[in-house]
Amino acid sequence: MRETFASVIAANRFGLGARPGELALIGSDAREWLRAQLRAPPPVLGAADLLPSAQILAQALELRREMQAQRKQAATAGSAGNGVEDPAQKRLPQFLRPIYATEVTARLQHAVATERPFLERLTQFWSNHFAVSIDKQFLAGLAGSFEREAIRPHVLGSFTDMLLAVETHPAMQLYLDNYLSVGPNSQAAQRRARRQAPRIGINENLAREILELHTLGVGGGYTQKDVTSFAEVITGWSVGGEGDRFADGEPGRFVFRPELHEPGAKVVLGRRYPDAGFDQGVAVLRDLAAERATAHFIATKLARHFIQDEPPPAAVTRVADAFTASGGHLAKVYAALIDVQEAWLQPLAKYKTPADYVVSSFRGLGVPVEADHAPLAPLEQLGQRTWSPGAPAGWPDRSADWDGASGLMKRIQWADAVGARLGNRRDALQLAPQLLGANLSEATRQSVTHAASAPQALTLLLAAPEFMRR
Amino acid sequence: MAMQRREFLGFGALAAGGALLGTRVALAHADRGTSRFVLVIMRGALDGLAAVPPLGDRDYPELRREFALHAPGQSGGALPLDGFFGLHPALTFLQQCYAARELIVLQALASPYRERSHFDGQDVLENGSPRPHALQTGWLNRALAAAPRPAAREAGVALGQNVPLVMRGPAAVTSWSSSKLTVLDDDTLARITDLYASDPLLATRLADALAANAMAAGAGAEPGAMKPQAAPAPGARGNARYAEVVRAAAGFLRREDGPKVAVFDTNGWDTHANEGGAQGQLASRLGELDAGLATLHQELGTAWKDSAVLLVTEFGRTAAINGTRGTDHGTATVAFLLGGAVAGGRVIADWPGLSSRALYQGRDLAATLDLRSVLKGLLSEHLAVPAHALEQDVFPDSRTARPLRGLLRS
């Protein structure tokens, strides 16, 4: 009986919600079902219409350049400022939006169909840890390829490799402004000073968020001085073809620009790094990844996501120990997480995010995600547009962040719409134990049994308290 | 230094009769129960020196360089405030409020948080304690719990799907956001209500949502209710970014039986690069906000005279422009308090100056006013929150932050 509940925990807390038959497949060894998902290399999202970020960004930069030229031309011709929107100025969003839709659809299709849902939840966890947000220019077109290129390949690999891939990805360089950052004593700055051109210098945004959000965590022992110094270390990390100042380099790819790099040795967290150009930043990132504060921060976030909102300190320590002992080998970190006793305790108390709710509904009802982009609607309506947390901290991960009255009402309304659409083609009573297993309450079973219609039965199943949580 | 020290209007002029005045106002408002309060959280750290430039400070032009605003009257100039401070030219409605004595500008103010993380800064801004993550509830909710019992079951409403930390806690509150999804039939709703009977959280949330929906639907009986009105004429100033949310807020607040407190978020203030000056990125955002506040004023109608609207952000930004024509995370910043209930037409600032010696850690505007002083004064006078509750429950460990009195009209 205890193991039956373990299968529900594995499918919901670690997975993305049970598909019909999944609980039976998990069977009596839920931990082994999870471990097995970590053995093969992570899958590649394979749709042919998913483009590399470099290609997307190069095209977007070219489009913007054309638009700027047109605007300039219009300004000199005197037709600017007449309040009429120039359709040509919409070309960039028109280019980026379908890319976003294609990426979200591919991601959703995979989440709904995958037989390794634990791995996909981990991918989403890391994508949110290293969050970018589509409200910034170009990011709508890059968020998907960023996840495919910088996150997915490293989900079972080393944290250091993922960190390096993320921070050198054009999407992150653009999102946190580092591509513009210039060392105050760099060749470029000195040239400008001689010409008495407006001052250029560092932007500390990426450096701060790497320390605060990506590695050490906010209490991780760094100072403002470390932020500034680290920002100088990563001056010159940039993107090819972006902006008039930085037009050189292969468009759309990460590039190191020695002429923007702040020369000299720098001290970060008490360690001295001799100037080695690009490698100076790599050295700092490697050391940050190996800090105990980083292990603790990552372990806390994993435990919050997979165990409970306020995870027991002993559990966090065990996961952090695995991180440290393995040198950030992520598959070993997850193995430690699976072994934490508290991860297997009832009840399933964590309130699902809107995305969890939609994905688990699709999985549970066996809804194929069509490529016509309609599946994006519920994520938007329920308040979690993919890759749009709006801030580099990513989506919040505590129940109280998601359990608002209006949010609940929208879930219920959406469940009602799903019931109306699929109710006559699904048997809610037969599905209930498939989705909820040992967690199915008598109240829910009764409610579904006595529903006035098949659509209403399905609505009640999706609205059930057990289905709101993981 | 002394030359740049501004007269501190807040404490100086009002200290004498302040305490007495506060008590009287609090009682008057509490008796009628008509006071409305709107809290607007500006997430991302608003650049207070851009929104309220200290035009009279001799270090200001050098720090802000090409983004320094000119004096009022000049092309691209600031709007006039008190002669020393100006107002960003995008904030035309706020300037009208100032002229009508319905706006107090609070400069060089900060929460007790002195680091530079947005997320911890917002946590302190909302939890009301001096430390991030020290409390899981928000000061506004705890204040509502301590205030005289409101007419509505829900004392407050968050405009959005979820309730921000500042509004979470023991007092019943709800959240509301517009939905394109269709309304459920009564039978299904009744069955779901039954299904949640033994689940206290979901039962409460569902009841709150139904109450909010009923109010939103019922508001249709009033003129200019929560239903979005016709789109503004082409060429109208700003855009409608906040129109829907402020109309909804006003719809709730206007009702006799509705919540008297509303909170909503605004975003886009994290201007690390290409911030702009009189025009540009930040100017657009400020213009949208200003247009939203003008709409709020209009939609509140006669309730405006009983309203106070407070705009706050987690911290300020660096005094100097950074290397990428933006500003990085800083310390002190500005807050705005407006509304018909506000004793406005004033800038409250104990101006520390912008010389390199005066700057906090050599880079940020120093804080000379504790945000909690403003909040304590406001909550006691406007919402009749008892003083002992403010000290003990609403703002723990805040003894150094004495209530700022006289923010409201008597």
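Q: What percentage of the 410 residues of chain B count as buried?
A: This is a predicted model, in which local features need pLDDT of at least 70 and side-chain atom pairs count only at pLDDT 80 or more, while totals for chains, interfaces and linings use all residues. Residues are numbered from 1 along each chain as its sequence is written, and chains are lettered from A and ligands numbered from 1 in the order in which they are written. A residue is buried if 20 or more other C-beta atoms lie within 10 Å of its own, exposed if 12 or fewer, and partly exposed in between, with C-beta atoms placed from the backbone. Of the 410 residues in chain B, the buried share is 60%.

Q: How many helices and strands are there in chain B?
A: Helices (H or I, at least four residues) and strands (E, at least two) are DSSP runs, numbered from the N terminus. On that count chain B holds 12 helices and 11 strands.

Q: Where do the buried residues of helix 12 of chain B lie around the axis?
A: Helix 12 of chain B runs over residues 387–394, and its buried residues are B:Leu390, B:Asp393 and B:Val394. The arc (that of the directions from the helix axis to the C-beta atoms) is only 110°, which means that these residues lie on the same side of helix 12 of chain B.

Q: Which helices of chain B are included in what covers the buried residues of helix 12 of chain B?
A: Two residues are in contact if their C-beta atoms, placed from the backbone, lie within 7 Å. The cover over the buried residues of helix 12 of chain B includes helix 6 (139–146) and helix 11 (371–383).

Q: Which helix of chain A gives the most residues to the side that touches chain B?
A: Between the chains, 49 residues of chain A are in contact with 49 residues of chain B. On the chain A side, the elements that give two or more residues are helix 11 (205–214), helix 19 (405–422), helix 21 (442–449) and helix 22 (454–463). With 11 residues, the one that gives the most is helix 19 of chain A.

Q: How many charged residues does the side of chain A that touches chain B have?
A: Ala, Val, Leu, Ile, Met, Phe, Trp, Tyr, Cys and Pro count as nonpolar, Asp, Glu, Lys and Arg as charged, and the others, Gly among them, as polar. That side of chain A has 23 nonpolar and 17 polar residues, and the number of charged residues is 9.

Q: How many residues does domain 2 of chain A give to the contact with domain 1 of chain A?
A: Chain A is divided into domain 1 (53–77 + 88–155), domain 2 (176–290) and domain 3 (354–468), with bounds from an automatic or database domain assignment. The C-alpha centres of domain 1 and domain 2 of chain A are 24 Å apart. The contact takes 7 residues from domain 1 of chain A, and from domain 2 of chain A the number is 6.

Q: How many of the 12 residues of helix 17 of chain A are buried?
A: The cover over the buried residues of helix 17 of chain A includes helix 5, helix 18, helix 19, helix 20 (428–436) and helix 22 of chain A. Helix 17 of chain A is largely enclosed by the rest of the structure, because the number of buried residues is 12 of the 12.

Q: Which residue takes a positive phi just after helix 17 of chain A?
A: Helix 17 of chain A reaches 17 Å from its first C-alpha to its last, close to the expected 16 Å. Just after this helix, a positive phi of about 60° is taken by A:Gly366.

Q: Is A:Arg116 buried or exposed?
A: A:Arg116 sits in the loop between helix 5 and helix 6 of chain A. A:Arg116 has 21 C-beta neighbours inside 10 Å and therefore counts as buried.

Note on methods:
The expected span of a helix is 1.5 Å times one less than its number of residues.
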